[in-house]
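Subject: Structure handover

Hello,

Here is the structure I promised to pass on. Please open it first, then read the notes below with it on screen.

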Amino acid sequence: MNGEKQLFGRAFVDGTIKDDILITVRGAAIADIMQIAAPPASADRVSGLIVPGFVDIHIHGGDGADFTDGDAAANERIVNFHARHGTTAMAATTLSASRTDLQKAIGAIALTAANAPGGAEICGIHMEGPYISVRNAGAQDPASIRPSDIQELTTLLGEAPRMRWIMTVAPEIEGARALIEHFKGKVLFSIGHTGATFADAVAAIEWGASSFTHLFNAMTGMHHREPGVVGAALESVDATAELIADGIHVHRAVMRIACGAMPNRIALVTDAIRASGMPDGKYRLYDYEITVAGGTARLPNGTLAGSVLTMDRAVQNMVELAGIPVERVLPMASEVPARILGVGDRKGRIENSYDADLVIINEKFETERVFTRGAEVPG
């Protein structure tokens with residue numbers, strides 16, 4: 001979209017849904033927002049609800065491709081597929097892998113981001129491992145998990161120096177404290193894939209960690225005498241947490257509990273793998289073969305292996321399964337993850353001078369139209 005365009009209809013602005021909103025987009029940014037009864041005849045009248053573009057800070061792949069493959073052309077499939085489901089910005093996410101494969105994957109992500117192929121904008125990189133717990137590896141390859149290594153991470157950061165970085169780490173592993181303290185301010189550390197105690201998790205926050213990866217999954221649960229990592233997340237004041245709202249990873253009642261305990265600190269994520277958008281069948285997740293059946297991805301032993309979720313479906317599930325009002329859900333898919341990713345000053349809200357990342361959803365929460373930085377994504 002070049003020049004100026006105006007959208008008119010119901011919109012989620014300033015934390016509420018308002019009627020008769022005229023949004024003026026000029027180039028890649030929102031130029032003006034106003035409530036007006038009689039819009040210009042040239043305005044594009046929208047029948048659905050206009051919401052901020054979704055921001056996914058934990059996404060491995062989709063449309064048959066995975067960021068850990070290290071293929072820039074395949075990465076374009078991922079960003080284009082998820083854009084069609086309302087994701088306008090993301091942190092491309094890698095798994096625990098060999099040093100060579102991680103370096104290749106991060107180089108390819110940086111290349112894709114620099115070329116700006118359209119679709120969802122890659123604003124950051126999320127390394128989910130390899131400095132995690134072998135015992136809490138989930139669907140990650142134990143052979144690729146290793147003690148934290150400041151020199152290795154320094155090298156990887158050098159592959160994409162302009163990107164924003166998130167790293168999932170288990171605080172109980174060797175060298176975790178030194179790693180977090182060394183890179184504090186350069187990397188956002190998220191506690192996950194961990195067998196840590198409550199005290200371990202609280203200590204990690206004191207060292208500089210500030211988030212929790214896919215809350216409740218692959219971490220110690222809450223017991224009334226040992227609150228575990230989950231208890232540390234729920235008790236924390238400032239830390240944020242990811243939530244996979246597919247109705248499989250977390251029970252709907254637990255989703256409600258988390259949102260009540262952590263207001264304005266829950267970020268919806270997909271944890272989507274290459275099978276997202278693909279038919280049921282067998283797929284690769286790094287060195288593992290997984291099976292997708294009935295919308296659920298699992299290893300042969302039954303372990304959940306990411307998801308086939310999209311962000312529009314996550315929003316739908318939070319409203320329809322968990323029963324949370326849409327006005328509370330939308331910031332979890334936009335404003336909160338944008339803040340975590342460090343782009344909250346230009347993404348995650350419908351606001352003057354912000355990027356024109358806009359999604360139009362219908363009453364079933366299905367994505368009808370998407371604009372990324374002012375350009376409409378082909379359907």
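Predicted model: local features only at pLDDT ≥ 70, side-chain atom pairs only at ≥ 80, totals over all residues.

Strands S8 and S9 run parallel and are joined by six bridges.

How much of S8 is buried? Strand S8 covers residues 87–94, and eight of its eight residues are buried, so the strand is largely enclosed by the rest of the structure.

S8 has another partner. Strand S5 (residues 54–59) pairs with S8 in the parallel sense, over four bridges. Ile59 stands opposite Ala92 of S8.

Now the wider sheet. In what order do its eight strands come? The order is S5-S8-S9-S10-S11-S12-S13-S14, in an open sheet with parallel pairing. Its edge strands are S5 and strand S14 (266–269), each of which pairs on one side only.

Next, S9 and S10. Strand S10 takes in residues 164–169, and S9 pairs with S10 in the parallel sense over five bridges. Glu128 stands opposite Thr168 in S10. Helix H3 packs on the sheet and touches S9, S10 and strand S11 (187–191). The direction of H3 makes about 150° with that of S10.

Back to H2. Which strands does H2 lie across? They are S8, S9 and S10, and H2 runs at about 165° to S9.

There is a second sheet to find. Three strands form it, in the order S15-S16-S17. This sheet is open, and its pairing is antiparallel. S15 and strand S17 (296–298) stand at its edges with a single partner strand each, so one side of each has no neighbour in the sheet. On average, neighbouring strands of this sheet are turned by 30° against each other, direction ignored. S16 and S17 run antiparallel and are joined by three bridges. Ala293 stands opposite Thr296 in S17.

Some backbone details deserve a look.

- Tyr286: phi is near 55°, a positive value in a residue other than glycine. Tyr286 lies in the loop between strand S15 (281–285) and strand S16 (288–293).
- Asp63: phi is near 55°, again positive in a residue other than glycine. Asp63 has its place in the loop between strand S6 (61–62) and strand S7 (65–66). Its relative accessibility is 24%, so Asp63 counts as partly exposed.
- Pro130: the peptide bond from Gly129 to Pro130 is cis, with omega near 15°. Pro130 is found in the loop between strand S9 (121–128) and helix H3 (150–159).

One more helix is worth a stop. Is helix H8 mostly covered or mostly uncovered? Helix H8 (residues 311–320) is mostly covered, with eight of its ten residues buried. The buried residues of H8 are Met311, Asp312, Ala314, Val315, Gln316, Asn317, Met318 and Val319.

Finally, the chain as a whole. Its secondary structure comes to ten helices and 20 strands. Of its 379 residues, 58% count as buried. The C-alpha trace spans about 65 × 45 × 40 Å along its principal axes. What radius of gyration does the chain have? The chain has 20 Å; with 379 residues, a compact globule would have a value near 21 Å, so the two agree.

Contacts and surface complete the picture. Take the contacts in the chain with a separation of 6 or more: residues 24 or more positions apart account for 68% of them. The accessible surface of the chain comes to about 14,700 Å². Carbon and sulfur atoms hold 49% of that surface.

Over to you.

Best wishes

Definitions and conventions
Residues numbered from 1 in each chain as written. Heavy atoms only, no water. Helix = DSSP H or I, 4+ residues; strand = E, 2+ residues; numbered from the N terminus. Buried < 20%, exposed > 50% of the residue type's maximum accessible area, 1.4 Å probe, protein only. Pairing = 2+ DSSP bridges. Contact = heavy atoms within 4.5 Å. Axes fitted to C-alpha atoms, helices over the stretch in contact; angles between N-to-C directions. Rg over C-alpha atoms; globule rule 2.2 N^0.38 Å. Areas by Shrake-Rupley, 256 points an atom, 1.4 Å probe, with all protein chains shown as cover.
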